[in-house]
Amino acid sequence: MRDNTLKYLLVLPAVVVVFATAIWPLMESLRLSFTIGRLNRPGSLDQYLGWENYTWAFFDEPAFWNAVWVTAVYTLLTVALTTLLAMGLAMLLAPGGRLRSGVQTLLILPFAMSPALIGVSFRFMFNPEFGLFDAFFGLVLPPLAGISWLADPVLAFAVCVMADIWGWVPFLTLVLIGGLASVPRDTIEAAQVDGASSWRVFRDVTLPQLAPVLAVVIILKSIFSLKTFDQIFMLTNGGPGTATQTLSHYIYFNGMKYGQIGYAASVAWLMVIPMIFLTYAYARYVFRKN
Amino acid sequence: MAEVRLKKLTKRWGDVVGVDNQSLQIKDKEFLVLLGPSGCGKTTTMRMIAGLENPSSGEVWIGDRMVNDDLPKDRDVAMVFQNYGLYPHMTIFDNIAYPLKVRGTPKNEIAPRVKRAAEKVELTPFLERKPKALSGGQRQRVALARAIVRTPKVFLMDEPLSNLDAKLRVTMRSELKHLSKQLQVTTVYVTHDQIEAMTLADRVAVMKHGVIQQLGTPDEIYNDPVNLFVAAFIGSPTMNLITGSVSNGMFVTTGGKDLVQIRAPDQSAAVLGVRADDIAIHDPGEGSIDVTIYAFENTGDSSLLTVQWGKQRVIARGDRHLRKDQDDIVGITLNPNHLYLFEPQSGARIKT
């Protein structure tokens with residue numbers, strides 16, 4: 001009996017902290033999403049609207065759908081390209097691969113940078129007057145010099161995707177190197193002797209055995225891509241116009257800048273849906289039995 | 001089907017020498033065993049034949065083709081790995097069919113050939129399972145079936161039985177022997193188990209420190225070892241090695257006791273090798289010398305006596321009905337027709 005009391009007493013502080021900093025704010029935001037919730041209108045945080053914030057987002061806000069679209073494309077592109085690049089690099093860097101050691105340590109550097117810092121540095125690098133890329137293109141491909149990268153909707157979006165890939169590839173590469181190291185060498189050598197070309201060894205033997213790790217990588221990266229905020233905030237601030245406005249940026253703008261905290265909360269809760277799905281998939285892969 | 005020739009083959013990793021300038025000719029349809037303790041270079045030699053390891057120098061020939069620059073897939077060999085190397089995500093059928101699939105065998109030929117290979121190793125009921133659902137012995141058979149589903153030029157087997165328990169190893173050994181006689185394909189087999197080498201091989205190459213010590217039939221290796229290493233490595237119990245000297249046609253053991261007559265020039269120091277089976281046990285006073293029993297072991301089919309005089313211990317095999325006790329005194333005589341004399345420093349055999 002005493003043991004049991006002590007047990008609960010010991011976890012109590014942790015439970016309190018989680019409740020105060022995660023559960024309660026979450027519930028509060030859920031409540032707010034059903035109110036008028038204007039920061040500049042006293043009392044509106046308690047005026048209930050029902051589902052109106054949600055229907056508003058769905059049926060009366062093209063900007064919401066724009067943010068959904070941007071987020072979806074952004075997520076698809078960054079997940080696909082980051083995973084592909086990381087896979088390629090991991091193959092080269094894995095034990096028995098062609099590069100190694102020194103390069104491996106160097107590679108982790110981008111991951112050590114905060115996303116906001118990546119955003120700022122890429123903004124400077126793509127500056128049309130004194131940016132690194134401008135100088136580079138001026139030297140190598142003069143027609144591309146002087147382009148205002150961040151002023152063009154498509155180019156700005158591409159720069160955002162690029163910055164994200166640059167920041168994430170190293171970490172995912174390391175994870176995949178670990179995954180590759182756990183594929184039994186025997187099976188690869190058996191396939192080589194059995195007569196498989198290196199591509200078929202990869203496709204038939206390495207990849208299927210790497211699948212669980214690869215799934216975790218893709219799911220994790222999807223979650224991180226979906227919630228991207230700081231990098232975009234510092235790099236383009238959603239612009240030009242709303243060309244690079246992701247959902248989290250859209251939520252921030254509506255909530256903090258326009259003071260529509262109730263509406264912002266409802267959009268945030270809409271975002272929870274894909275997140276729950278991905279988290280569930282992640283948990284299934286990581287904690288699955290055997 | 002082809003012969004395999006290794007010409008002055010060397011494998012070095014930095015300063016470490018795995019295989020040191022070795023030449024070896026493996027005849028067509030021969031079952032050759034590379035035998036030696038771990039780290040002797042036997043597996044490295046095999047991996048160089050398979051193409052999984054590149055030689056530092058020297059040449060590997062399979063048939064009439066120098067294959068140094070060929071990838072493993074182009075060498076037309078099949079290999080059985082120590083840990084089997086089965087594809088865990090494929091069914092047993094797909095595992096066995098894989099070499100056929102990647103080599104572009106027509107689809108309608110694959111199923112019958114897989115079934116025939118599976119039948120040979122008695123795997124037919126398990127074809128739809130995954131490797132995880134099989135026992136060690138069954139996995140071993142899958143690896144074997146995957147090798148025999150094609151007829152390659154050479155079979156390579158890397159300690160295929162070492163992960164099985166003792167009982168299963170004996171069964172699989174005889175199955176392997178039966179299969180190899182049936183298939184008639186050049187086979188290179190790596191093992192550290194001298195019984196496997198003796199029972200399976202047409203010829204054995206005993207290796208140590210990357211150098212082949214002796215190449216010969218099991219009979220030659222067992223009955224005519226070229227040096228101390230081979231003599232001590234082959235046989236169970238291990239050959240007895242008795243230190244002493246030779247004078248006037250007599251081997252004199254430590255303490256100045258005459259042990260046995262031997263036809264050899266005088267040696268101030270020599271090592272005498274004699275197998276447990278070639279030592280006869282008598283009542284005290286009736287043998288060449290009297291010795292104390294250090295340990296008596298009854299193995300059921302015979303008795304093993306570890307006997308001692310001075311600091312010298314030897315093992316003698318006695319009749320299965322012999323019963324003695326520790327510290328009993330017995331006499332022993334050595335069979336003068338089966339003695340081996342070695343140089344103590346170099347380990348080289350002194351002809352008698």
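User: Which residues have the most contacts inside the largest nonpolar core?

Analyst: This is a predicted model, in which local features need pLDDT of at least 70 and side-chain atom pairs count only at pLDDT 80 or more, while totals for chains, interfaces and linings use all residues. Residues are numbered from 1 along each chain as its sequence is written, and chains are lettered from A in the order in which they are written. A nonpolar core is a set of buried Ala, Val, Leu, Ile, Met, Phe, Trp, Tyr and Cys residues joined through C-beta atoms within 7 Å, buried meaning that 20 or more other C-beta atoms, placed from the backbone, lie within 10 Å of a residue's own. The largest such core has 103 residues, and those with the most contacts inside it are B:Ile49, B:Met79, B:Ile96, B:Ala145, B:Leu156 and B:Val188.

User: Why does this core lie between two domains of chain B?

Analyst: The domain bounds come from an automatic or database domain assignment. The core lies between the two because both give residues to it: domain 1 (4–233) and domain 2 (241–350) of chain B.

User: How many residues of chain B are in contact with chain A?

Analyst: Two residues are in contact if their C-beta atoms, placed from the backbone, lie within 7 Å. By that criterion, 14 residues of chain A meet residues of chain B, and those on chain B number 17.

User: Which helix supplies the largest share of the side of chain A that touches chain B?

Analyst: Helices are DSSP runs (H or I, at least four residues), numbered from the N terminus. Helix H9 (185–194) and helix H10 (198–226) of chain A each supply at least two residues of that side. The largest share, seven residues, comes from H9(A).

Note on methods
Buried ≥ 20, exposed ≤ 12 C-beta atoms within 10 Å, placed from the backbone.
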